[in-house]
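Take a look at the model below before reading on. The report then walks through the fold piece by piece.

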Amino acid sequence: MQVQNEMKLQIESRSVNEAYARVAVSAFAASLDPTVEELNDIKTAVSEAVTNCIVHAYKDAVGKIYITVKILENGVVQITVRDRGCGIADVKKAREPLFTTLGGDRAGLGFSVMESFCDRVRVRSAVGAGTTVTLQKRIRGRGASFDA
């Protein structure tokens with residue numbers, strides 16, 4: 001699919017930056033005139049992806065989170081959230097509902113939540129090299145077109 005518009009954002013893996021990432025991505029996607037529900041879906045999925053970087057990728061350290069958002073043809077928003085943290089040893093296991101490596105108050109639903117709010121979720125990871133989560137959502141709402 002052809003890229004219609006693109007933005008890149010780099011933030012530190014601090015919990016205070018999660019809300020900023022969520023709002024910045026949804027503001028960029030707003031050019032497609034999505035419904036409020038579609039915008040909330042994007043915000044929630046981005047929040048989960050960024051929170052995974054903050055909580056799991058860098059654990060007790062601060063690292064960089066790289067976010068790229070592309071508006072593709074046919075009203076598709078593609079969001080890539082990447083870190084250079086510890087990586088995931090078993091991506092298949094990590095995507096299972098209720099699986100968590102931290103225990104405690106963590107529910108282990110991050111990937112499940114992303115999948116429920118997006119049309120497609122792809123996870124690539126390498127231990128010691130980081131993780132890339134790619135989310136895609138087709139905006140079918142009010143506008144669903146892009147004026148270049």
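Start with strand 5. Eight of its nine residues are buried, so strand 5 is largely enclosed by the rest of the structure. Keep in mind that this is a predicted model.

## The chain as a whole

The chain has four helices and five strands. Read from the N terminus, the elements run β-α-α-β-β-α-α-β-β. The chain counts 148 residues, and 45% of them are buried.

As background, strands of a sheet pair through backbone hydrogen bonds, either parallel or antiparallel.

| Strand pair | Bridges | Sense |
|---|---|---|
| Strand 1 and strand 2 | nine bridges | antiparallel |
| Strand 2 and strand 3 | eight bridges | antiparallel |
| Strand 3 and strand 5 | seven bridges | antiparallel |
| Strand 4 and strand 5 | seven bridges | antiparallel |

Begin at Q10, whose bridge partner in strand 2 is Y66. Y66 in turn has R82 as its bridge partner in strand 3. R82 then stands opposite T132 in strand 5. Two further pairs can be found by eye. E6 stands opposite K70 in strand 2. R120 has Q136 as its bridge partner in strand 5.

Strand 2 spans residues 64-72. This strand is mostly covered: seven of its nine residues are buried.

Hairpins come next. Strand 2 and strand 3 form one, with three residues between them. N74 sits in that turn and has a positive phi of about 65 degrees. Strand 4 and strand 5 form a hairpin as well, again with three residues between them. In this turn, G128 has a positive phi of about 85 degrees.

Which residues of helix 1 are buried? They are N17, E18, A21, A24, V25, S26, F28 and A29. These buried residues pack against strand 1, helix 2, strand 2 and strand 3.

How do helix 1 and helix 2 meet? Their packing angle is about 145 degrees, and their axes are 8 Å apart. The crossing is right-handed. On the helix 1 side, the contact uses E18, A21, R22, V25, S26 and A29. On the helix 2 side, it uses L39, I42, K43, V46, S47, V50, T51 and I54. Sorted by type, the residues of this contact divide into eight nonpolar, three polar and three charged.

## The cysteines

Where does C118 sit? C118 is in the loop between helix 4 (110-117) and strand 4. Its relative accessibility is 10%, under the 20% cut-off, so C118 counts as buried. Leave aside its neighbours within four places in sequence, and C118 is in contact with A45, L135 and Q136. C118 and E38 are 80 residues apart along the chain, with their C-alpha atoms separated by 9.4 Å.

Is C53 buried or exposed? At 3% relative accessibility, C53 counts as buried. C86 has 30% relative accessibility and counts as partly exposed.

A disulfide is a covalent bond between the sulfur atoms of two cysteines. How many does a search of the whole structure find? The search finds zero disulfides.

Methods. Residues numbered from 1 in each chain as written. Predicted model: local features only at pLDDT ≥ 70, side-chain atom pairs only at ≥ 80, totals over all residues. Heavy atoms only, no water. Pairing = 2+ DSSP bridges. Helix = DSSP H or I, 4+ residues; strand = E, 2+ residues; numbered from the N terminus. Axes fitted to C-alpha atoms, helices over the stretch in contact; angles between N-to-C directions. Left-handed = near helix turned anticlockwise from the far one by under 90°. Contact = heavy atoms within 4.5 Å. Nonpolar A, V, L, I, M, F, W, Y, C, P; charged D, E, K, R; others polar. Buried < 20%, exposed > 50% of the residue type's maximum accessible area, 1.4 Å probe, protein only. Disulfide = S-S within 2.5 Å.
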